[in-house]
Amino acid sequence: EPMPVRALDLARLRRHALSQALGIDREALLLEPLGFCGNGFEGVRDPRTLPTTRLHGTFALVSLPLALRQLITQATESAGLDLDRLVYSGQALAVACDDPEAAGRGTGESDRLLLVDIGGCSTECVLLERGHLQRSLTVPWGGMKAAEAIALRCRITLDQALTLSLQGSSSAKPEVAQVWQKQRQTLAKGVQQVLEGEPLPSRALVTGRGALVDGMVEWVQETTGIAAVLGRSPRSKSLRDIGQQLALGAAFGLLEMMEHPVPRALPRPSSLVDRLLIGTKTLLTEYF
């Protein structure tokens, strides 16, 4: 007999997904349901009350090594603070740089966003819908990769190459322009993989220090066919240096999330016994 889906059933699926995906030295930083399917429905975000005889779920999981969490916890405690939780940086950047109503606190059901966070050694490509993670991919490429290639091609120091790399493909030096054209192919493949088979988002945000490269935002727009802008938090625009504005994006996102709390992907156990069990598991993992 088909039975209505309950919140308990969804929680059971989440626990099963975690038990199947996580290793002993990792913990979940973000667990986002991408969709549920059952009798007569597929890809539904919230299947509660829908009658079905079976229920399957697809989740996106971002995990964190326990050793890294231990270092972050020690650093936080040494500053006199208690660590409550860690937030996925892509989630914080989307909240900081995008319009609040489009970041999951509004009512625009069809609103989709592509976030391209270009760092030094890696780039995060994140597809969100109403603030919920749809797809995420870490591309092993960043601004430092391009600078190293420029230094090798032009036979100059890395510091000189870093300065030249900001000129992008519009550089007066043909060698620099050629390096950028080749280097961007890796990023283009990653972006296309995230967007493959999905409706195009209405806009794209380009964040990170790599967004300062001349023509990078325009390149993302031309490559994807999506209107792209430089992602900066309105709070950071009081700072004169644009590099600082981009570097502080995730921090401002955390402040936004504190002002407008959202449901936690993994709520902290309220029971003292549960907290003791989790603490004991962590100790056993660290020492054995």
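Trainee: Where is Gly243 found, and what makes it buried?
Mentor: Gly243 sits in helix α8. This is a predicted model, and in it Gly243 has a relative accessible area of 5%. Buried means under 20%, so Gly243 is buried.

Trainee: Which residues does Gly243 touch, not counting those up to four places away in sequence?
Mentor: Gly243 touches Arg209 and Leu212. For Gly243 and Arg209, the C-alpha to C-alpha distance is 6.5 Å, although 34 residues separate them in sequence.

Trainee: What is Gly231 in contact with, leaving aside neighbours within four places in sequence?
Mentor: Gly231 is in contact with Cys97, Leu205, Val206, Thr207 and Leu246.

Trainee: Why are Cys37 and Cys121 given separate labels?
Mentor: Cys37 has 22% relative accessibility, so it counts as partly exposed; that label covers values between the 20% and 50% limits. Cys121 is at 53% and therefore counts as exposed, as exposed means over 50%.

Trainee: While we are on cysteines, how many disulfides does a search of the whole structure find?
Mentor: Zero disulfides are found. A disulfide is a covalent bond between the sulfur atoms of two cysteines. To be called one here, a pair of cysteine sulfur atoms would have to be within 2.5 Å.

Trainee: Now the helices. Why are α3 and α9 called roughly perpendicular?
Mentor: Helix α3 (residues 89-97) and helix α9 (residues 249-259) pack at an angle of about 80°, and their axes are 7 Å apart. Angles of 65 to 115 degrees count as roughly perpendicular, so α3 and α9 are roughly perpendicular to each other. From α3 the contact involves Gln91, Ala92, Leu93, Val95 and Ala96, and from α9 Gly249, Ala250, Phe252, Gly253, Leu254, Glu256 and Met257. By class, that contact has eight nonpolar, three polar and one charged residues.

Trainee: What makes α4 oblique to α6?
Mentor: The axes of helix α4 (residues 143-154) and helix α6 (residues 174-195) come within 10 Å and cross at roughly 140°. Roughly antiparallel needs an angle over 145, and roughly perpendicular ends at 115, which makes α4 oblique to α6. The crossing of these two helices, α4 and α6, is right-handed.

Trainee: Which residues of α4 and α6 meet?
Mentor: Lys145, Ala146, Ala149, Ile150, Arg153 and Cys154 in α4 meet Glu175, Val176, Gln178, Val179, Trp180 and Gln183 in α6. Seven residues of this contact between α4 and α6 are nonpolar, two polar and three charged.

Trainee: To finish, how many helices and strands does the protein have?
Mentor: The protein has 10 helices and 10 strands. Of its 288 residues, 37% count as buried.

Note on methods
Residues are numbered from 1 along each chain as its sequence is written. This is a predicted model: local features need pLDDT of at least 70, side-chain atom pairs count only at pLDDT 80 or more; totals for chains, interfaces and linings use all residues. Side-chain values use heavy atoms; hydrogens and water are left out. Axes are lines fitted to C-alpha atoms, for helices over the stretch in contact, and angles run from 0 to 180 degrees between N-to-C directions. Helices (H or I, at least four residues) and strands (E, at least two) are DSSP runs, numbered from the N terminus. Angles under 35 degrees count as roughly parallel, over 145 as roughly antiparallel, 65 to 115 as roughly perpendicular and the rest as oblique. A crossing is left-handed if the near helix is turned anticlockwise from the far one by less than a right angle, and right-handed if clockwise. Contact means heavy atoms within 4.5 Å. Ala, Val, Leu, Ile, Met, Phe, Trp, Tyr, Cys and Pro count as nonpolar, Asp, Glu, Lys and Arg as charged, and the others, Gly among them, as polar. Buried means under 20% relative accessible area, exposed over 50%, partly exposed in between (1.4 Å probe, protein chains only).
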